[in-house]
Amino acid sequence: MRPDRSVTTVIIGGGHNGLAMSKRLADRGIDHVVLERGDVANAWRTQRWDSFTLLTPNWQTRLPGRIYDGEDPDGFMTAPEIAGFIEEYAALVGAPVQTGTTVTAVRSSGDTFLVVTDRGTWQCRCLVLASGACNLPHLPDFAAGVPETVVTVNPLEYRSPDQLPDGGVLVVGAAATGIQLADEIHASGRPVTLSVGEHVRMPRTYRGRDIQHWMEVIGRLDERYDEVEEILKARAVASPQLIGTPERRTLDLNALTDKGVRLRGRLGAIRDGVALFSGGLRNHCRLADQKTNRLLRDIDEWITAHDLDGQYEPPGRCEPTRIPKDVPLTLDLVSGEITAIVWATGFRSDFSWLDLPVFDPAGRLRHDGGVVDAPGLYFLGGTFLRRRKSSFIHGAEDDTADLAEHLAHHLATGRSAAVAR
Amino acid sequence: MSEEVNGVPCDKMFASIARFRENGELAAFRFSAKNEWVEGTASRSTIYEWYGIGADQVHVQEFSFTADHPTLGHGHGPTPQEYVLHALAACITAGVATGAAARNIKLNKVSSTVSADIDVRGVLGVDPDIRKGFSNVTVEFDVDAECDEDQKDALVAAGAKYSAVYDMLANPTEVTISRRH
């Protein structure tokens with residue numbers, strides 16, 4: 001197949017990562033194009049629910065060359081607001097974006113890539129996959145065992161409680177998405193049962209400041225992927241149980257329990273129309289509580305080490321997660337008590353169009369901090385790609401700087417090399 | 001020279017993990033026990049053969065265990081349920097020992113008490129709404145080791161998280177019973 005056009009680098013995806021990478025390449029004089037299947041910030045416009053807000057505060061929303069300069073630094077952007085921020089960014093950096101262009105296949109051709117789209121084929125020496133880490137919902141194997149009478153919804157198609165039938169709702173998964181949806185669905189008058197596995201608990205504020213402020217200043221967000229003990233485990237860690245609201249409220253399992261949400265353990269199987277939950281709920285909660293208190297203790301130590309104790313409210317610890325005795329281990333999905341299930345069980349990238357030998361036996365992309373196992377190929381987005389902050393908007397700053405340097409070196413030498421620290 | 005920490009051969013352990021990471025088929029193990037009825041409520045299991053690392057294997061010797069019943073039996077051994085408590089404690093404790101070894105933490109003493117409640121009307125068929133198995137299994141650990149309290153918590157938590165027996169008790173497991181002859 002002969003390419004229609006040739007360019008040094010193709011960036012697939014016009015979201016915040018793709019656009020940040022575009023700026024990095026432009027700064028280095030590397031010609032490139034950004035291919036986006038919809039409009040810029042497509043996923044934020046088309047795949048988020050109505051009440052969605054970022055869980056990071058506005059002051060933390062920054063991209064290379066652009067900080068938040070609005071009037072509400074401690075607020076949290078809605079989906080349309082972050083989409084607007086990203087659109088303005090695209091214009092600001094003059095990113096060469098070709099919208100309405102869907103990539104249908106990527107193949108190698110010698111030491112170049114062929115990017116086949118529904119608007120022609122591009123040939124390039126370098127390729128940046130910035131198409132997102134949340135293209136598809138990740139569903140458990142036994143999802144097919146849900147009785148036909150129960151409606152199932154994933155977060156990419158969920159918009160508001162109104163689209164659900166009346167009656168009880170089982171929300172599976174208690175990371176950020178799960179607790180947020182459990183909260184608003186329960187408030188709509190549909191009794192929620194929340195299935196909870198391992199989770200990351202965090203207070204919204206601590207000693208008077210947003211938790212993200214502390215995560216940043218004590219250096220947690222800058223922890224590197226090659227410095228943590230087990231990166232695959234770290235990458236599998238769920239998003240923290242945070243919500244962004246004007247009241248800066250903490251939405252933890254105790255808050256949900258107080259509103260009447262029923263907690264169950266991790267959903268382990270569906271057998272003959274019966275949901276089977278793990279008996280490890282109390283352990284999971286105890287572990288999460290321990291980790292949270294460890295974080296708070298680390299923050300206290302940082303404050304004391306910097307002689308700032310007088311500036312902040314006094315230290316405290318999280319109230320232990322309350323789990324009642326005899327939490328049921330089963331839930332009959334056929335009885336009519338549960339009319340809908342929301343799968344808040346995570347997301348994955350869609351690389352079905354990527355026809356390159358760069359996947360491990362489990363179907364995961366083989367990469368080293370975003371440098372994919374094929375010369376000239378890079379990947380952005382995804383939890384803990386290079387640093388703990390990689391999954392947040394501002395993670396794009398350092399990630400794109402590092403990978404652009406690697407890419408530039410690759411172009412200069414024709415060889416891939418270790419990324420400079 | 002292979003060094004042991006807490007009696008765990010670390011080099012061998014890491015080498016095995018590396019092998020299994022590279023070749024998942026070698027990690028497919030199969031364990032079995034052969035059981036014979038003795039008398040009354042007592043039966044004896046012998047454990048000798050196992051399959052793993054791509055080949056049939058045997059233990060250093062044949063191990064055997066007898067279970068019985070405290071009131072209806074003849075004193076041959078504790079109940080099968082109590083073997084499960086031992087299995088749970090042993091599995092987690094092995095995990096604590098290997099986890100400490102991997103982090104070069106010296107263990108001085110690790111002890112635990114495992115308890116579980118059971119309403120025996122379940123197994124006696126008195127009331128179909130009463131579960132046959134345990135409710136409320138608790139394991140309480142005491143750890144004396146050369147590390148801080150947080151690390152002790154982490155060792156016990158990891159020991160449980162990566163425990164085969166904890167997993168099969170806490171989570172649904174396929175169990176198929178059949179009669180051959």
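Reply: One term before the details: two residues are in contact if their C-beta atoms, placed from the backbone, lie within 7 Å. By that rule His74(B), leaving out residues up to four places away in sequence, touches Glu39(B), Gly40(B), Ala42(B) and Asp68(B).

Me: And what are the ground rules for the numbering and the model?
Reply: Residues are numbered from 1 along each chain as its sequence is written, and chains are lettered from A and ligands numbered from 1 in the order in which they are written. This is a predicted model, where local features need pLDDT of at least 70 and side-chain atom pairs count only at pLDDT 80 or more, while totals for chains, interfaces and linings use all residues.

Me: Back to His74(B), is that buried or exposed?
Reply: His74(B) is exposed, because 12 other C-beta atoms lie within 10 Å. The classes are buried at 20 or more other C-beta atoms within 10 Å of a residue's own, exposed at 12 or fewer, and partly exposed in between, with C-beta atoms placed from the backbone.

Me: Where is His74(B) found?
Reply: In the loop between E6 and helix H2 (80-102) of chain B. Helices (H or I, at least four residues) and strands (E, at least two) are DSSP runs, numbered from the N terminus. The C-alpha atom of His74(B) is separated by 33 Å from that of Ser163(B), 89 residues apart along the chain.

Me: How many residues of strand E6 of chain B are buried?
Reply: One of the 13 in E6(B) (residues 55-67), so the strand lies largely in the open.

Me: What does E6(B) pair with?
Reply: Strand E5 (residues 42-52) of chain B, antiparallel, over nine bridges. Strands count as paired if DSSP finds at least two bridges between them. Arg44(B) sits opposite Thr66(B) of E6(B). The hairpin of E5(B) and E6(B) has two residues between the strands, and Ile53(B) there takes a positive phi near 55 degrees.

Me: Changing topic. How many residues of chain B are in contact with chain A?
Reply: Eight, against 11 residues of chain A. On the chain B side, helix H3 (residues 149-161) gives the most, with four residues. That side of chain B divides into four nonpolar, two polar and two charged residues. For those classes, Ala, Val, Leu, Ile, Met, Phe, Trp, Tyr, Cys and Pro count as nonpolar, Asp, Glu, Lys and Arg as charged, and the others, Gly among them, as polar.

Me: Now chain A. What does its secondary structure come to?
Reply: Nine helices and 21 strands. The C-alpha trace spans about 65 × 60 × 40 Å along its principal axes, and buried residues make up 44% of the 421 residues.

Me: What radius of gyration does chain A have?
Reply: 22 Å, which agrees with the value near 22 Å that a compact globule of 421 residues would have. The radius is taken over C-alpha atoms, and the globule rule is 2.2 Å times the number of residues to the power 0.38.

Me: How is chain A divided?
Reply: Into domain 1 (5-135 + 349-413) and domain 2 (139-343); the bounds come from an automatic or database domain assignment. The C-alpha centres of the two domains of chain A lie 28 Å apart. Between them, 21 residues of domain 1 are in contact with 25 residues of domain 2. The domain 1 side has seven nonpolar, eight polar and six charged residues.

Me: Which residues touch the most other members of the largest nonpolar core?
Reply: Ile86(A), Leu127(A), Val128(A), Val171(A), Val342(A) and Tyr378(A), out of 108 residues. A nonpolar core is a set of buried Ala, Val, Leu, Ile, Met, Phe, Trp, Tyr and Cys residues joined through C-beta atoms within 7 Å. Helix H8 (residues 281-305) of chain A gives the largest share of this core, eight residues.

Me: Why does this core lie between domain 1 and domain 2 of chain A?
Reply: Because both domains give residues to this core.

Me: Leu127(A) is on that list. What stands opposite Leu127(A)?
Reply: Leu377(A) in E21(A). E6(A) and strand E21 (residues 377-379) of chain A pair in the parallel sense over three bridges.

Me: And which strands else are joined to E6(A)?
Reply: Strand E1 (residues 5-12) of chain A runs parallel to E6(A) (residues 120-129), with seven bridges. Val7(A) stands opposite Cys124(A) there. Strand E5 (residues 112-117) of chain A is antiparallel to E6(A), with five bridges, and a hairpin through two residues joins them.
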